[in-house]
Amino acid sequence: MTETLDVPAAATDHTTPRHRAEAWLAAFDAALRARDVEAAAGLFATDSFWRDLVSFTWNIRTVEGRDGIRDLLQHTLDRTDPTDWQFSEEPADAGGVIECWITFETAVGRAKGHLRLKDQDGETRAWTLLTSLRELKGHEENQGTRRPQGVEHQLARGRKSWLEKKQDEESSLGRTTQPYVVVIGGGQGGIALGARLRQLQVPHVVLDKHDRPGDQWRGRYKSLCLHDPVWYDHLPYLQFPSNWPVFAPKDKIGDWLEMYTRVMDVPYWSRSTVRSATYDEDTKTWRVVVDKDGEEVVLEPKQLVFATGMSGKPNLPSFPGMDIFQGEQQHSSQHPGPEAYTGKKVVVIGSNNSAHDICGALWEHDADVTMVQRSSTHIVKSASLMDIGLGDLYSERAVASGVTTDKADMIFASLPYRIMHEFQIPLYQQMAERDKDFYDRLEKVGFHHDWGDDGSGLFMKYLRRGSGYYIDVGASELVCDGKVKLAHGNVDHLTETSVVLEDGTELPADLVVYATGYGSMNGWVADIIDQATADKVGKVWGLGSDTTKDPGPWEGEQRNMWKPTQQEALWFHGGNLHQSRHYSLYLALQLKARYEGIDTPVYGLQEVHHTS
């Protein structure tokens, strides 16, 4: 680090947002060019946050305060060599905070970012900074003016067509040629990542046990549909058409994923189950044994990605008497739908999204349904969530105001997790006021409702624990009306014909559905690799917020997701459609850089505090 130099001072209150922002960015740029870490850190507020998506850290990492920013720069500034900082839009005042969209370059790539400035002690200082790598120099995607010709306008004997080249590639993959990346799991996450890797020309294959892409959705219960709106759910490169329903039914999503896989030329092996995977520390190569439709194929990639869904493995409880129960038992992920249960007595253990959806569908088919609520659940009405919670970013009104999907993703990403709940709490307070009568009715029938540990509602519950909520699309009304019966407490045991709760309540049952959630994704690592590796990478998902089911210490980012882990060359990818779309870019860029031999020293590799 050099001695502190005189750099342009940040402007004061008395100038326009543009002038104040320009002065700050000029001072920041000068400090970085001079390698003056102290001056750069001094331009940030005392309570400030810098979230970096790969551009400086080759990681997904948030640092806090001047000490954190100083440490990040001390370790990354020389090799990152950031230059050419510019505004991509006019800086704007948003209630006393200046919001800025920025671009810059690094030694190896081009990047975008978002900056919030505010006053502190008469100076304009940075409150939040988001920096994100968007492309690698010399390895840009073949889009727009770089799009491929698709044909060779030169005649030659033996020239192969596009189809012949594609068939050659498919027949050689895993036999005479090896993929650089193997992606385990061909749902929305694996497919989105596959599309990114294809555009970046990284040799890879996506493996899935189902017959066809999209079967992960087709095989779920009949009434399942997306609870998130269409604007939130686009995949990379190819958005849903303008007539696509706001909430897509599961089979429609399944068909879209199958079509998308074909259109985007994702190398995809159906009916392929990974039997084992081992990593050779000497050769830095994985050995992945695959049952490909009855044929054993051994793949030897350099990178292995688990895209098996952030929900991980189904949590199937073990209650006394499950072995003697004479009816049917199934985890919610295995529930085939309500048609076979007309007139049957059904007990659903759980009270979150899947439990409500299944109860609602069973009621529609004249089943006698009881929901067993074991712990409190956050409920939010779909219309209120779409309007208040998502409307400014993901809606027709957002599109009309110029908020593209990418811009919405960046705005959401620009809010550090440490303070995100502060932005969420007022929104859920509005929802509580709007739907007061609804919540009064829920309380009246004895439903245990909560707003999260700190009142921040659904999104923070999702980010912290991935459970504990339901977006009401009708089933809560059935609970309020007593059409779906409600019981409380933990299960003590099962008899031959019933479920018995700890307080002695006996619930006759022909079917028991365990809507009991999922475990951490590293459970798949234990099954496919080994328990030692699963423990080495630790728990997947959660922020370390020290709230219910998200134990501390504070980590500041999703554990192990989309970034390097403690196991070299092992990655995790998944989440909802929004996360699969957004973070697949950053994971793909990290993999591309390694494929091309670009130096990728990781700053702030996540420690492991919890193994499951």
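Guide: Let's start with K549, which is exposed, at a relative accessible area of 56%. For that wording, exposed means over 50% relative accessible area, buried under 20%, and partly exposed in between, using a 1.4 Å probe and protein chains only. Before going on: this is a predicted model, with residues numbered from 1 along each chain as its sequence is written. Local features need pLDDT of at least 70, side-chain atom pairs count only at pLDDT 80 or more, totals for chains, interfaces and linings use all residues, and side-chain values use heavy atoms, leaving out hydrogens and water.

K549 sits in the loop between α17 and β25; helices (H or I, at least four residues) and strands (E, at least two) are DSSP runs, numbered from the N terminus. Its phi is positive, about 65°, although K549 is not a glycine. That loop also holds P553, placed between α17 (531–537) and β25 (570–572). G552 and P553 are joined by a cis peptide bond, with omega about 5°. As background, most residues other than glycine have a negative phi, and most peptide bonds are trans. K284 is another non-glycine with a positive phi, of about 55°. K284 belongs to the loop between β11 (272–280) and β12 (285–292) and is partly exposed, at 36%.

Now for the part I'd zoom in on: helix α9, residues 382–389. Its buried residues are S382, S384, L385, M386 and I388. They pack against β18 (378–381), α12, α14 (457–464) and β19 (469–472).

Take the α12 side. The axes of α9 and α12 (residues 417–434) come within 10 Å and cross at roughly 140°. Axes here are lines fitted to C-alpha atoms, for helices over the stretch in contact, and angles run from 0 to 180 degrees between N-to-C directions. α9 and α12 are therefore oblique to each other, given that angles under 35 degrees count as roughly parallel, over 145 as roughly antiparallel, 65 to 115 as roughly perpendicular and the rest as oblique. On the α9 side the contact uses A383, S384, L385, D387, I388 and G389, and on the α12 side L427, Y428, Q430, M431 and R434, with contact meaning heavy atoms within 4.5 Å. By class that gives 6 nonpolar, 3 polar and 2 charged residues. Here Ala, Val, Leu, Ile, Met, Phe, Trp, Tyr, Cys and Pro count as nonpolar, Asp, Glu, Lys and Arg as charged, and the others, Gly among them, as polar.

Helix α12 packs with α14 too: their axes come within 8 Å and cross at roughly 150°. That makes α12 roughly antiparallel to α14. Y417, M420, H421, Q424 and Y428 of α12 meet G457, L458, F459, M460, L463 and R464 of α14. The tally for this pair is 7 nonpolar, 3 polar and 1 charged.

To finish with α18, it packs with α5 (residues 188–199) at about 40°, with the axes 8 Å apart. α5 and α18 are therefore oblique to each other, and their crossing is right-handed. Among the residues in this contact are A192, L193 and L197 of α5 and L585, A588 and L591 of α18. The class count is 8 nonpolar, 5 polar and 2 charged.

Definitions and conventions:
Left-handed = near helix turned anticlockwise from the far one by under 90°.
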